Amino acid sequence: MAPQTAYDRAVNVLKQNDRGTYTVPTKGLYPFQWNWDSCLTALGQRHVDEARAWTEIETLFAHQWEDGMVPHIVFHEVSDQYFPGPEVWRTNRPTPTSGMTQPPVAGFAAKRIFDGAKDRVLAEERARRLLPKINAWHKWFFANRDPHGEGLVAILHPWESGRDNSIDWDAALERVPTEGVGEYSRRDTQHADPAHRPTKTQYDRYLWLVQRFRSLNWDNSRLHDASPFQVVDPGFNAILIRSCADLAAMADALDEPGIAADNRAWANKGLAAMEGLWSEPHGQYLCRDRTINTLIDSASIGGILATFAAIPSGRAHAIARTVERLSQSVQFSVPSHDPADRRFDAPRYWRGPVWLVTNYMIADGLAAAGENAVAKLIIDSSLELIEKSGFAEYYDPISGTPCGGGHFTWTAAMVVEFLS
Ligand code: 2M8
(Lines give C-alpha, C1' and ligand atoms only; values in the text may rest on other atoms or scores of the structure.)
Protein backbone atom coordinates (compact mmCIF):
# COMPACT_ATOMS: atom_id res chain seq x y z
CA MET A 1 0.00 0.00 0.00
CA ALA A 2 1.23 3.51 -0.82
CA PRO A 3 2.13 5.55 2.28
CA GLN A 4 -0.58 7.98 3.30
CA THR A 5 -0.09 11.59 2.30
CA ALA A 6 0.03 14.35 4.92
CA TYR A 7 -3.38 15.47 3.65
CA ASP A 8 -4.91 12.01 4.22
CA ARG A 9 -3.33 11.73 7.65
CA ALA A 10 -4.71 15.15 8.56
CA VAL A 11 -8.21 14.19 7.44
CA ASN A 12 -7.92 11.04 9.58
CA VAL A 13 -7.11 13.12 12.66
CA LEU A 14 -10.21 15.24 12.01
CA LYS A 15 -12.30 12.08 11.76
CA GLN A 16 -10.83 10.50 14.90
CA ASN A 17 -11.80 13.54 16.97
CA ASP A 18 -15.22 14.08 15.36
CA ARG A 19 -18.07 13.56 17.83
CA GLY A 20 -20.84 13.94 15.22
CA THR A 21 -21.84 17.59 15.60
CA TYR A 22 -18.66 18.94 17.18
CA THR A 23 -14.98 17.99 17.31
CA VAL A 24 -12.80 17.63 20.41
CA PRO A 25 -9.32 19.20 20.22
CA THR A 26 -7.82 15.84 21.19
CA LYS A 27 -8.93 12.76 23.09
CA GLY A 28 -8.06 12.73 26.81
CA LEU A 29 -6.50 16.16 27.37
CA TYR A 30 -9.46 18.15 25.95
CA PRO A 31 -12.65 16.04 25.83
CA PHE A 32 -15.14 18.86 25.10
CA GLN A 33 -15.81 21.51 22.44
CA TRP A 34 -13.53 24.56 22.46
CA ASN A 35 -14.61 27.77 20.79
CA TRP A 36 -11.79 28.88 18.49
CA ASP A 37 -10.61 25.30 17.95
CA SER A 38 -14.03 24.50 16.44
CA CYS A 39 -14.15 27.51 14.16
CA LEU A 40 -10.67 26.81 12.81
CA THR A 41 -11.44 23.10 12.56
CA ALA A 42 -14.42 23.89 10.33
CA LEU A 43 -11.95 25.35 7.82
CA GLY A 44 -10.36 21.95 7.42
CA GLN A 45 -13.68 20.11 7.42
CA ARG A 46 -15.04 22.21 4.55
CA HIS A 47 -12.70 20.47 2.11
CA VAL A 48 -14.14 17.10 3.06
CA ASP A 49 -17.80 17.86 3.85
CA GLU A 50 -19.22 21.38 3.64
CA ALA A 51 -22.38 20.60 5.61
CA ARG A 52 -20.31 19.15 8.45
CA ALA A 53 -18.16 22.31 8.55
CA TRP A 54 -21.23 24.54 8.98
CA THR A 55 -22.54 22.21 11.69
CA GLU A 56 -19.30 22.56 13.68
CA ILE A 57 -19.82 26.30 14.04
CA GLU A 58 -23.59 26.01 14.49
CA THR A 59 -23.15 23.60 17.40
CA LEU A 60 -20.94 26.14 19.14
CA PHE A 61 -23.47 28.94 18.59
CA ALA A 62 -26.32 26.75 19.88
CA HIS A 63 -24.72 27.40 23.29
CA GLN A 64 -24.40 31.17 22.92
CA TRP A 65 -25.54 32.99 26.03
CA GLU A 66 -28.60 35.25 25.98
CA ASP A 67 -26.36 38.32 26.32
CA GLY A 68 -24.44 37.36 23.15
CA MET A 69 -21.31 35.79 24.64
CA VAL A 70 -20.09 32.57 23.06
CA PRO A 71 -18.41 30.49 25.78
CA HIS A 72 -14.92 29.10 25.42
CA ILE A 73 -15.85 25.51 26.37
CA VAL A 74 -19.10 23.59 25.86
CA PHE A 75 -19.22 20.53 28.13
CA HIS A 76 -21.34 18.29 25.88
CA GLU A 77 -20.45 15.14 27.79
CA VAL A 78 -19.57 14.19 31.33
CA SER A 79 -15.84 13.53 31.69
CA ASP A 80 -13.46 13.68 34.62
CA GLN A 81 -10.49 13.94 32.26
CA TYR A 82 -10.36 17.75 32.32
CA PHE A 83 -10.04 20.31 35.09
CA PRO A 84 -11.79 22.70 35.69
CA GLY A 85 -15.06 21.01 34.74
CA PRO A 86 -18.69 22.22 35.05
CA GLU A 87 -18.70 21.76 38.84
CA VAL A 88 -16.08 24.52 39.10
CA TRP A 89 -17.63 26.90 36.55
CA ARG A 90 -21.23 26.58 37.82
CA THR A 91 -22.66 28.76 35.06
CA ASN A 92 -26.16 27.22 35.28
CA ARG A 93 -26.54 26.68 31.55
CA PRO A 94 -28.85 23.98 30.15
CA THR A 95 -25.76 22.28 28.72
CA PRO A 96 -22.87 23.27 30.99
CA THR A 97 -20.41 25.79 29.55
CA SER A 98 -17.49 27.79 30.86
CA GLY A 99 -18.20 31.42 31.80
CA MET A 100 -15.70 33.20 29.59
CA THR A 101 -14.99 33.53 25.89
CA GLN A 102 -12.14 32.99 23.41
CA PRO A 103 -10.67 34.68 20.28
CA PRO A 104 -13.65 35.39 17.99
CA VAL A 105 -12.57 33.73 14.75
CA ALA A 106 -16.13 32.68 13.82
CA GLY A 107 -16.79 35.68 11.54
CA PHE A 108 -13.60 35.04 9.60
CA ALA A 109 -14.19 31.27 9.42
CA ALA A 110 -17.81 31.64 8.29
CA LYS A 111 -16.84 34.01 5.49
CA ARG A 112 -14.02 31.78 4.31
CA ILE A 113 -16.32 28.76 4.20
CA PHE A 114 -19.03 30.85 2.51
CA ASP A 115 -16.69 32.26 -0.14
CA GLY A 116 -15.20 28.89 -1.04
CA ALA A 117 -18.43 26.88 -0.87
CA LYS A 118 -19.28 24.68 -3.83
CA ASP A 119 -22.83 24.20 -2.58
CA ARG A 120 -24.06 27.80 -2.86
CA VAL A 121 -27.62 27.05 -1.73
CA LEU A 122 -26.41 25.36 1.43
CA ALA A 123 -23.87 28.11 2.10
CA GLU A 124 -26.43 30.86 1.79
CA GLU A 125 -28.90 29.14 4.07
CA ARG A 126 -26.33 28.30 6.76
CA ALA A 127 -24.55 31.68 6.59
CA ARG A 128 -27.86 33.52 6.85
CA ARG A 129 -28.64 31.64 10.06
CA LEU A 130 -25.24 32.27 11.60
CA LEU A 131 -24.98 35.94 10.63
CA PRO A 132 -27.17 37.46 13.42
CA LYS A 133 -25.57 35.18 16.02
CA ILE A 134 -22.01 36.17 15.16
CA ASN A 135 -23.16 39.78 15.00
CA ALA A 136 -24.60 39.47 18.53
CA TRP A 137 -21.27 38.14 19.77
CA HIS A 138 -19.38 41.06 18.23
CA LYS A 139 -21.86 43.49 19.76
CA TRP A 140 -21.39 41.78 23.14
CA PHE A 141 -17.64 42.38 22.95
CA PHE A 142 -17.90 46.12 22.46
CA ALA A 143 -20.68 46.47 25.05
CA ASN A 144 -18.96 44.43 27.76
CA ARG A 145 -15.24 44.57 27.10
CA ASP A 146 -14.81 48.13 25.88
CA PRO A 147 -16.80 50.12 28.43
CA HIS A 148 -15.11 53.42 27.56
CA GLY A 149 -15.52 53.07 23.80
CA GLU A 150 -11.79 52.86 22.95
CA GLY A 151 -12.47 50.59 19.98
CA LEU A 152 -10.42 47.75 21.49
CA VAL A 153 -11.63 45.06 23.88
CA ALA A 154 -9.95 43.61 26.97
CA ILE A 155 -9.59 40.00 27.96
CA LEU A 156 -10.29 39.34 31.64
CA HIS A 157 -8.53 35.99 31.92
CA PRO A 158 -5.52 34.41 30.19
CA TRP A 159 -7.76 31.54 29.05
CA GLU A 160 -9.76 34.03 26.99
CA SER A 161 -6.70 34.89 24.91
CA GLY A 162 -6.21 31.27 23.85
CA ARG A 163 -2.50 31.81 24.67
CA ASP A 164 -2.93 30.76 28.27
CA ASN A 165 0.54 31.11 29.81
CA SER A 166 1.99 33.70 27.43
CA ILE A 167 4.70 35.92 28.87
CA ASP A 168 2.33 38.78 27.95
CA TRP A 169 0.25 38.07 31.05
CA ASP A 170 3.03 37.58 33.64
CA ALA A 171 3.13 41.10 35.11
CA ALA A 172 -0.66 41.57 35.11
CA LEU A 173 -1.17 38.15 36.69
CA GLU A 174 1.20 39.09 39.52
CA ARG A 175 -1.58 41.37 40.71
CA VAL A 176 -4.09 38.53 40.88
CA PRO A 177 -4.13 37.04 44.39
CA THR A 178 -4.14 33.33 45.16
CA GLU A 179 -5.53 33.41 48.71
CA GLY A 180 -8.53 31.16 49.29
CA VAL A 181 -8.26 29.24 46.03
CA GLY A 182 -8.17 25.95 47.96
CA GLU A 183 -7.01 22.49 46.96
CA TYR A 184 -7.58 21.13 43.46
CA SER A 185 -6.20 18.44 41.28
CA ARG A 186 -5.06 19.27 37.77
CA ARG A 187 -5.64 16.77 34.97
CA ASP A 188 -3.61 18.43 32.18
CA THR A 189 -0.28 17.48 33.76
CA GLN A 190 -1.43 13.83 33.83
CA HIS A 191 -2.02 13.86 30.05
CA ALA A 192 0.94 16.04 28.98
CA ASP A 193 4.50 16.62 30.19
CA PRO A 194 4.33 19.19 33.07
CA ALA A 195 7.38 20.92 31.51
CA HIS A 196 5.17 21.72 28.49
CA ARG A 197 2.31 23.17 30.58
CA PRO A 198 1.59 26.24 32.78
CA THR A 199 2.92 26.29 36.36
CA LYS A 200 0.98 25.71 39.59
CA THR A 201 1.16 29.40 40.52
CA GLN A 202 -0.33 30.33 37.16
CA TYR A 203 -3.15 27.83 37.68
CA ASP A 204 -3.81 29.24 41.17
CA ARG A 205 -4.28 32.69 39.64
CA TYR A 206 -6.43 31.34 36.78
CA LEU A 207 -8.68 29.73 39.39
CA TRP A 208 -8.82 32.78 41.61
CA LEU A 209 -10.24 34.74 38.66
CA VAL A 210 -12.77 32.00 37.90
CA GLN A 211 -13.91 32.05 41.53
CA ARG A 212 -14.16 35.85 41.52
CA PHE A 213 -16.32 35.90 38.38
CA ARG A 214 -18.42 33.04 39.69
CA SER A 215 -19.09 35.02 42.88
CA LEU A 216 -20.60 37.70 40.60
CA ASN A 217 -22.89 35.08 39.02
CA TRP A 218 -21.08 35.41 35.71
CA ASP A 219 -22.88 38.70 35.14
CA ASN A 220 -20.92 40.09 32.19
CA SER A 221 -22.09 43.64 32.85
CA ARG A 222 -20.06 43.54 36.11
CA LEU A 223 -17.04 41.41 35.29
CA HIS A 224 -14.89 43.93 33.41
CA ASP A 225 -14.72 46.50 36.17
CA ALA A 226 -14.47 43.84 38.88
CA SER A 227 -11.49 42.11 37.29
CA PRO A 228 -7.94 42.87 38.46
CA PHE A 229 -6.83 41.44 35.09
CA GLN A 230 -7.80 43.54 32.03
CA VAL A 231 -5.44 43.25 29.10
CA VAL A 232 -5.86 44.67 25.60
CA ASP A 233 -4.17 42.08 23.39
CA PRO A 234 -3.31 43.01 19.78
CA GLY A 235 -3.71 39.39 18.61
CA PHE A 236 -7.14 39.01 20.13
CA ASN A 237 -8.26 42.40 18.84
CA ALA A 238 -6.90 41.72 15.36
CA ILE A 239 -8.98 38.55 15.22
CA LEU A 240 -12.06 40.49 16.32
CA ILE A 241 -11.38 43.27 13.79
CA ARG A 242 -10.84 40.76 10.98
CA SER A 243 -14.04 38.93 11.93
CA CYS A 244 -15.99 42.20 12.00
CA ALA A 245 -14.67 43.17 8.55
CA ASP A 246 -15.40 39.70 7.16
CA LEU A 247 -18.86 39.58 8.70
CA ALA A 248 -19.59 42.98 7.14
CA ALA A 249 -18.60 41.65 3.71
CA MET A 250 -20.71 38.53 4.19
CA ALA A 251 -23.64 40.67 5.35
CA ASP A 252 -23.33 42.71 2.14
CA ALA A 253 -23.51 39.51 0.10
CA LEU A 254 -26.59 38.42 2.05
CA ASP A 255 -28.20 41.84 1.78
CA GLU A 256 -28.15 42.67 5.50
CA PRO A 257 -27.04 46.34 5.44
CA GLY A 258 -27.54 46.99 9.17
CA ILE A 259 -25.19 44.18 10.23
CA ALA A 260 -22.74 45.23 7.52
CA ALA A 261 -22.64 48.84 8.69
CA ASP A 262 -22.19 48.03 12.38
CA ASN A 263 -19.41 45.54 11.79
CA ARG A 264 -17.60 47.79 9.35
CA ALA A 265 -17.70 50.61 11.89
CA TRP A 266 -16.31 48.35 14.66
CA ALA A 267 -13.53 47.14 12.35
CA ASN A 268 -12.52 50.65 11.30
CA LYS A 269 -12.56 52.03 14.83
CA GLY A 270 -10.52 49.06 16.05
CA LEU A 271 -7.94 49.45 13.29
CA ALA A 272 -7.43 53.11 14.17
CA ALA A 273 -7.05 52.29 17.88
CA MET A 274 -4.51 49.52 17.20
CA GLU A 275 -2.00 52.22 16.32
CA GLY A 276 -1.66 52.99 20.04
CA LEU A 277 -0.25 49.47 20.59
CA TRP A 278 2.56 49.76 18.02
CA SER A 279 6.15 49.42 19.29
CA GLU A 280 8.81 50.74 16.95
CA PRO A 281 11.74 49.12 18.86
CA HIS A 282 10.10 45.69 18.76
CA GLY A 283 8.81 46.00 15.18
CA GLN A 284 5.44 44.64 16.30
CA TYR A 285 2.41 45.50 18.42
CA LEU A 286 2.35 45.01 22.20
CA CYS A 287 -0.39 44.36 24.77
CA ARG A 288 -1.66 47.15 26.99
CA ASP A 289 -2.46 46.56 30.64
CA ARG A 290 -5.71 48.49 30.94
CA THR A 291 -5.66 48.60 34.76
CA ILE A 292 -2.49 50.73 34.73
CA ASN A 293 -2.78 52.03 31.16
CA THR A 294 0.73 50.88 30.21
CA LEU A 295 2.15 48.90 27.29
CA ILE A 296 3.50 45.49 28.35
CA ASP A 297 7.11 44.93 27.30
CA SER A 298 6.68 41.41 25.95
CA ALA A 299 7.44 40.55 22.32
CA SER A 300 5.06 37.64 21.88
CA ILE A 301 3.26 36.25 18.89
CA GLY A 302 0.16 38.27 19.86
CA GLY A 303 1.69 41.40 18.36
CA ILE A 304 2.66 39.53 15.20
CA LEU A 305 -0.78 37.97 14.83
CA ALA A 306 -2.01 41.53 14.38
CA THR A 307 -1.25 41.11 10.67
CA PHE A 308 -4.45 39.06 10.52
CA ALA A 309 -6.34 42.38 10.47
CA ALA A 310 -5.96 44.91 7.66
CA ILE A 311 -3.33 46.97 9.52
CA PRO A 312 -1.48 49.69 7.56
CA SER A 313 0.88 48.17 4.98
CA GLY A 314 3.94 49.78 6.60
CA ARG A 315 3.14 47.95 9.84
CA ALA A 316 2.61 44.63 8.04
CA HIS A 317 5.96 45.00 6.23
CA ALA A 318 7.73 45.77 9.52
CA ILE A 319 6.16 42.67 11.09
CA ALA A 320 7.34 40.60 8.11
CA ARG A 321 10.90 41.76 8.82
CA THR A 322 10.43 40.80 12.49
CA VAL A 323 9.27 37.31 11.47
CA GLU A 324 12.36 37.00 9.23
CA ARG A 325 14.57 38.04 12.14
CA LEU A 326 12.94 35.51 14.47
CA SER A 327 13.30 32.77 11.88
CA GLN A 328 17.11 33.23 11.99
CA SER A 329 17.19 32.21 15.65
CA VAL A 330 15.05 29.07 15.42
CA GLN A 331 14.77 26.07 13.17
CA PHE A 332 10.98 26.29 12.86
CA SER A 333 8.80 29.40 12.57
CA VAL A 334 6.98 31.25 14.09
CA PRO A 335 8.00 30.91 17.77
CA SER A 336 5.30 32.15 20.13
CA HIS A 337 7.87 34.32 21.86
CA ASP A 338 11.10 36.04 20.85
CA PRO A 339 13.97 33.63 21.70
CA ALA A 340 16.17 36.64 22.54
CA ASP A 341 13.98 37.32 25.59
CA ARG A 342 15.34 35.59 28.72
CA ARG A 343 11.80 34.48 29.59
CA PHE A 344 11.50 32.43 26.35
CA ASP A 345 10.89 28.73 27.12
CA ALA A 346 11.16 26.53 23.99
CA PRO A 347 8.82 23.64 24.93
CA ARG A 348 6.46 25.38 27.37
CA TYR A 349 3.09 25.93 25.72
CA TRP A 350 2.58 29.59 24.70
CA ARG A 351 6.01 30.80 25.96
CA GLY A 352 8.05 29.74 22.93
CA PRO A 353 6.60 26.84 20.91
CA VAL A 354 5.30 27.02 17.34
CA TRP A 355 1.54 26.61 16.84
CA LEU A 356 0.07 25.90 13.42
CA VAL A 357 -3.05 27.97 14.08
CA THR A 358 -1.11 31.15 14.69
CA ASN A 359 1.11 30.28 11.72
CA TYR A 360 -1.99 30.01 9.53
CA MET A 361 -3.40 33.38 10.57
CA ILE A 362 -0.04 35.18 10.34
CA ALA A 363 0.69 33.71 6.90
CA ASP A 364 -2.79 34.70 5.74
CA GLY A 365 -2.30 38.29 6.87
CA LEU A 366 1.21 38.60 5.46
CA ALA A 367 0.13 37.19 2.08
CA ALA A 368 -2.71 39.74 1.97
CA ALA A 369 -0.09 42.45 2.58
CA GLY A 370 1.98 41.17 -0.37
CA GLU A 371 4.62 39.52 1.85
CA ASN A 372 4.40 36.24 -0.02
CA ALA A 373 7.95 35.04 0.63
CA VAL A 374 7.56 35.28 4.41
CA ALA A 375 4.10 33.70 4.22
CA LYS A 376 5.66 30.81 2.27
CA LEU A 377 8.46 30.45 4.82
CA ILE A 378 5.83 30.04 7.56
CA ILE A 379 3.76 27.49 5.61
CA ASP A 380 6.86 25.48 4.62
CA SER A 381 7.99 25.42 8.22
CA SER A 382 4.55 24.19 9.32
CA LEU A 383 4.53 21.34 6.82
CA GLU A 384 8.10 20.36 7.73
CA LEU A 385 7.03 20.08 11.35
CA ILE A 386 4.22 17.71 10.41
CA GLU A 387 6.58 15.47 8.46
CA LYS A 388 9.09 15.44 11.30
CA SER A 389 6.82 15.26 14.34
CA GLY A 390 3.22 14.49 13.38
CA PHE A 391 0.06 16.36 14.33
CA ALA A 392 1.10 17.67 17.74
CA GLU A 393 -0.61 20.39 19.76
CA TYR A 394 2.56 22.53 19.43
CA TYR A 395 6.28 22.16 18.70
CA ASP A 396 9.62 23.19 20.18
CA PRO A 397 10.83 25.81 17.63
CA ILE A 398 14.49 24.86 18.07
CA SER A 399 14.36 21.06 17.95
CA GLY A 400 10.95 20.54 16.30
CA THR A 401 10.03 18.10 19.11
CA PRO A 402 6.25 17.52 19.39
CA CYS A 403 4.77 18.95 22.62
CA GLY A 404 1.48 18.82 24.53
CA GLY A 405 -1.26 16.53 23.21
CA GLY A 406 -1.05 14.38 20.06
CA HIS A 407 -3.46 13.75 17.14
CA PHE A 408 -4.46 17.35 17.46
CA THR A 409 -7.51 18.59 15.57
CA TRP A 410 -6.71 22.20 14.77
CA THR A 411 -3.16 21.30 13.73
CA ALA A 412 -4.65 18.80 11.28
CA ALA A 413 -7.25 21.31 10.06
CA MET A 414 -4.53 23.84 9.27
CA VAL A 415 -2.60 21.22 7.31
CA VAL A 416 -5.71 20.46 5.23
CA GLU A 417 -6.02 24.20 4.57
CA PHE A 418 -2.34 24.60 3.65
CA LEU A 419 -2.49 21.65 1.25
CA SER A 420 -5.82 22.53 -0.41
C1 2M8 B 1 -5.57 25.51 25.61
O2 2M8 B 1 -6.36 26.07 26.66
C3 2M8 B 1 -7.12 25.30 27.60
C4 2M8 B 1 -8.01 26.26 28.36
O5 2M8 B 1 -8.93 26.85 27.50
C6 2M8 B 1 -6.29 24.52 28.59
O7 2M8 B 1 -5.06 24.51 28.51
O8 2M8 B 1 -6.88 23.86 29.45
C9 2M8 B 1 -5.16 26.69 24.70
O10 2M8 B 1 -4.12 26.32 23.83
C11 2M8 B 1 -6.36 27.20 23.93
O12 2M8 B 1 -5.97 28.16 23.00
C13 2M8 B 1 -7.10 26.07 23.22
O14 2M8 B 1 -8.28 26.55 22.68
C15 2M8 B 1 -7.40 24.89 24.16
C16 2M8 B 1 -7.93 23.67 23.43
O17 2M8 B 1 -7.09 23.31 22.36
O18 2M8 B 1 -6.23 24.50 24.88
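**Entry 1: terms and whole chain**

I take helices (H or I, at least four residues) and strands (E, at least two) as DSSP runs, numbered from the N terminus. The model I am looking at is predicted.

I looked up the secondary structure and found 17 helices and nine strands in the chain. I then checked the radius of gyration, which is 20 Å, close to the 22 Å that the globule rule gives for 420 residues, so the chain is as compact as a globular protein of that length. Along the principal axes, the C-alpha atoms fill a box of roughly 60 × 50 × 45 Å.

I also looked up burial, and 55% of the 420 residues are buried. For contacts with a separation of 6 or more, I noted that 69% are between residues 24 or more positions apart.

**Entry 2: the record**

I looked in UniProt, where an unreviewed entry lists residues 30-411 as "domain: Mannosylglycerate hydrolase MGH1-like glycoside hydrolase". In the model I find this span to be 49% helix and 5% strand. Its end C-alpha atoms lie 14 Å apart.

**Entry 3: the ligand**

Which residues surround the ligand? I listed Pro25, Tyr30, Trp34, Trp36, Asp37, His72, Trp159, Gly162, Asp164 and Asp188. Sorted by kind, this shell has five nonpolar residues, two polar and three charged.

**Entry 4: the core**

I looked up the largest nonpolar core and found 131 residues in it. Those with the most contacts inside it are Leu40, Ile57, Ala109, Ala110, Ala306, Ile362 and Ala412. Helix H12 (residues 234-253) supplies the largest share of this core, eleven residues.

I followed one of these residues further. Setting aside residues up to four places away in sequence, Leu40 touches Val105, Ala109, Val357, Trp410 and Ala413.

**Entry 5: backbone exceptions**

Most peptide bonds are trans, and most residues other than glycine have a negative phi. I noted the following exceptions.

Phe83 and Pro84 are joined by a cis peptide bond, with omega about 5°. I place Pro84 in the loop between strand S2 (73-74) and helix H4 (86-89).

Ser333 and Val334 are also joined by a cis peptide bond, with omega about -5°. I place Val334 in the loop between helix H14 (313-329) and helix H15 (356-368).

For Asn217, I read a positive phi near 55°. Asn217 lies in the loop between helix H10 (200-215) and helix H11 (220-226). For Trp218, phi is near 55° as well, again a positive value in a residue other than glycine. Trp218 is found in the loop between H10 and H11.

Are Asn217 and Trp218 buried or exposed? Asn217 has 12 other C-beta atoms within 10 Å, so I count Asn217 as exposed, the limit being 12 or fewer. Trp218 has 23 C-beta neighbours inside 10 Å, so I count Trp218 as buried, for which 20 or more are needed.

**Entry 6: Lys200**

Lys200 counts as exposed because 12 C-beta neighbours lie inside 10 Å. How far apart in space are Lys200 and Arg186? I noted 9.0 Å from C-alpha to C-alpha, with the two residues 14 apart in sequence.

Note on methods
Residues are numbered from 1 along each chain as its sequence is written. This is a predicted model: local features need pLDDT of at least 70, side-chain atom pairs count only at pLDDT 80 or more; totals for chains, interfaces and linings use all residues. UniProt positions are given in the numbering used here, feature names are shortened, and annotations may be inferred rather than shown by experiment. A residue is near a molecule or strand if its C-beta atom, placed from the backbone, lies within 6 Å of it. Ala, Val, Leu, Ile, Met, Phe, Trp, Tyr, Cys and Pro count as nonpolar, Asp, Glu, Lys and Arg as charged, and the others, Gly among them, as polar. A nonpolar core is a set of buried Ala, Val, Leu, Ile, Met, Phe, Trp, Tyr and Cys residues joined through C-beta atoms within 7 Å. Two residues are in contact if their C-beta atoms, placed from the backbone, lie within 7 Å. The radius of gyration is taken over C-alpha atoms; the globule rule is 2.2 Å times the number of residues to the power 0.38.
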